[in-house]
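Open the model in your viewer, pick a view you like, and keep the selection tool handy. We'll go stop by stop.

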Amino acid sequence: MSLATGVTASWPTTSWAAPPTPDPADRWPAAPGVERTVTVKDSARLQDALANAKAGDRIVVADGRYTIGAMTGRKGTAAKPITVVAAHRGRAVVDDGQLEVADSSHVTFEGLRWTNRSTLRITGSHHVRLTRNHFRLTEESSLTWVLVRGEDSHHNRIDHNLFEEKHQLGNFVTVEGSETEQSRHDRIDHNHFRNIGPRAVNEMEAIRVGRSTISRSSGFTVVEANLFEDCDGDPEIVSVKSNDNTVRYNTFRSSQGTLSHRHGDRGSFHGNFFLGEGKEKTGGIRIYGRDHKVYNNHFEGLTGSGYDAALQLDGGDVDTSGALTAHWRVYRATVVHNTFVDNRSNIEIGANYTYPPVDSTIADNVVTGARGKLFNELKAPVNPTYAGNVAWPTGSATVGVTRPADAVRVVDPLLRREGPVHRIGAGSPAVDTGTGRYPFVTDDMDGQPRAGVPDVGADERSTAAVVRKPLRATDVGPDAR
């Protein structure tokens, strides 16, 4: 449904005052499947409505301050969901209590402002949605803000929310599951994550998907179209710790750390923009494990190296068996059609630990830079494949690897700046020179189709409509369309 733009009032975390008269445009439109509308104006009535909610209920929360409690065993349906919605977006403030949605289905919480001190838990539930909320919790010690967990958890969605100002340990969002299996088919999309830090050694991610002890299970989680700004907490801004997950179409701006596939296999990282914007320790992607695909990503102006390199195909401290908490050796990574521009360190291989990557492919990437080695094999990879890459070292930079001319061509790709990124220009030697061996690469970083012989790098020179772009605050969060 189309949602009107909300009022962007500033709400303190420690005090509350009645809001101004709401704009009529900030009211929610009518929703399909509503059989009963329940309007609540105080905490007691809100808790009663949650405890007795039925399929088709629309619980409208009036402007004001609320204490919230559990919601257990409430079953909506796809046609008749249970919806808890602020009468005016951001003006119903949850400042006390803890919400746990347990053993429930097809429940949506929409448009609320959360300033309380406790984790919002989705436990053993499915098709629970948190949408267009503003999270700025009050922290006194370590605190995860949203946690998905429990047996038979699946198909939950966290979208179009604002998460901001987190300065204690704990994550904005954690997706776990049971003791043996991750929650499956969850989606985290179109959220704005900002201002988390200062940097910690561990346990301060914006998003963690999975955990070490269940990392051999498959999550099928999709993290897409989110904006991360000044997310400086954990060295892993997004940490993936299970199999078969996808992280795509996100934008990372001036954020210290990386998107990391820490545990698990068969991850897909594609169509993401990593923009350092001059900030120290900004990084890109770091991976461990088997059969990952990294493609159509754009890395520009990143200042990190080692763990924080633009791309780190890292070494492992175990090979094909070992502790689930270890760094598992990289096998068969496919790194194709990415663009690297003016990073302190671009593609690094095996910066840490003992075992270098095996049988990995690095092909059809554009790598430019003015310092260091553009391809930096800190440990010699085992049986690597290089093909169709374009390298352009300037300043004190060197290519860094000796390969056949058709594997790494040293030639100016003729990049030109368009907004925050560089794209290939007219007459670029990257045009129509891709090796064309990767059928999963069907479009480019902008969503433009890869027609015929693909161009090298993340950008396809095309007149087709641009579907995606580097995200800004107006593209995500509660008020985005």
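How many salt bridges does the count come to? The count comes to 39 salt bridges. Bear in mind that this is a predicted model. We'll come back to some of those pairs, but let's look at the whole chain before selecting anything.

**The whole chain**

Show the protein chain as a cartoon: you'll find one helix and 42 strands. Now colour by burial: buried residues make up 60% of the 481 residues. The chain exposes about 17800 Å², and carbon and sulfur atoms supply 49% of that. As for contacts between residues at least 6 apart in sequence, 67% of them join residues at least 24 apart.

**The helix**

Select residues 43-51, which is helix H1. Which residues of H1 are buried? They are Leu-46, Ala-49 and Leu-50. Look down the axis of H1 and these buried residues fall within an arc of 100°, so they line one face of the helix. An α-helix has 3.6 residues a turn, so residues three or four places apart point the same way. On the face turned away from the buried side, you'll spot the exposed residues Ala-44 and Arg-45. Next, show what the buried residues of H1 pack against: the list includes strand S1 (36-40), strand S2 (57-61) and strand S3 (64-68). Strand S4 is another of these partners, and it leads us to the next stop.

Zoom in on the S4 end: S4 and strand S7 (residues 100-102) pair in the parallel sense over two bridges. Pick Met-71 and look across to S7, where its bridge partner is Val-101.

Side chains of opposite charge can pair when their charged atoms come close. Select Arg-211 and Glu-176, which form a salt bridge with their closest N and O atoms 3.2 Å apart. Arg-211 sits in the loop between strands S19 and S20 and Glu-176 in the loop between strands S16 and S17, so the pair ties together parts that are 35 residues apart in sequence. Is Arg-211 buried or exposed? Arg-211 is buried, at a relative accessible area of 14%, and Glu-176 is buried too, at 16%.

Now try Asp-232 and Lys-279, where the closest N and O atoms of the salt bridge are 2.5 Å apart. This pair links distant parts of the chain, 47 residues apart. Asp-232 is buried, with a relative accessible area of 12%.

Then go to Arg-290 and Asp-265, whose side chains meet in a salt bridge at 3.0 Å, N to O. The two lie 25 residues apart. Here Arg-290 is partly exposed, with a relative accessible area of 30%, whereas Asp-265 is buried at 12%.

For the last stop, select Arg-129, Arg-157, Asp-159, Arg-187, Asp-189, Glu-224 and Arg-248 together: they are linked in a network of salt bridges.

Key. Residues are numbered from 1 along each chain as its sequence is written. This is a predicted model: local features need pLDDT of at least 70, side-chain atom pairs count only at pLDDT 80 or more; totals for chains, interfaces and linings use all residues. Side-chain values use heavy atoms; hydrogens and water are left out. A salt bridge is a side-chain nitrogen of Lys or Arg within 4 Å of a carboxyl oxygen of Asp or Glu. Helices (H or I, at least four residues) and strands (E, at least two) are DSSP runs, numbered from the N terminus. Buried means under 20% relative accessible area, exposed over 50%, partly exposed in between (1.4 Å probe, protein chains only). Two strands pair if DSSP finds at least two bridges between them. Contact means heavy atoms within 4.5 Å. Accessible areas come from the Shrake-Rupley method with a 1.4 Å probe; for residues, only the protein chains shown count as cover. The arc is that of the directions from the helix axis to the C-beta atoms.
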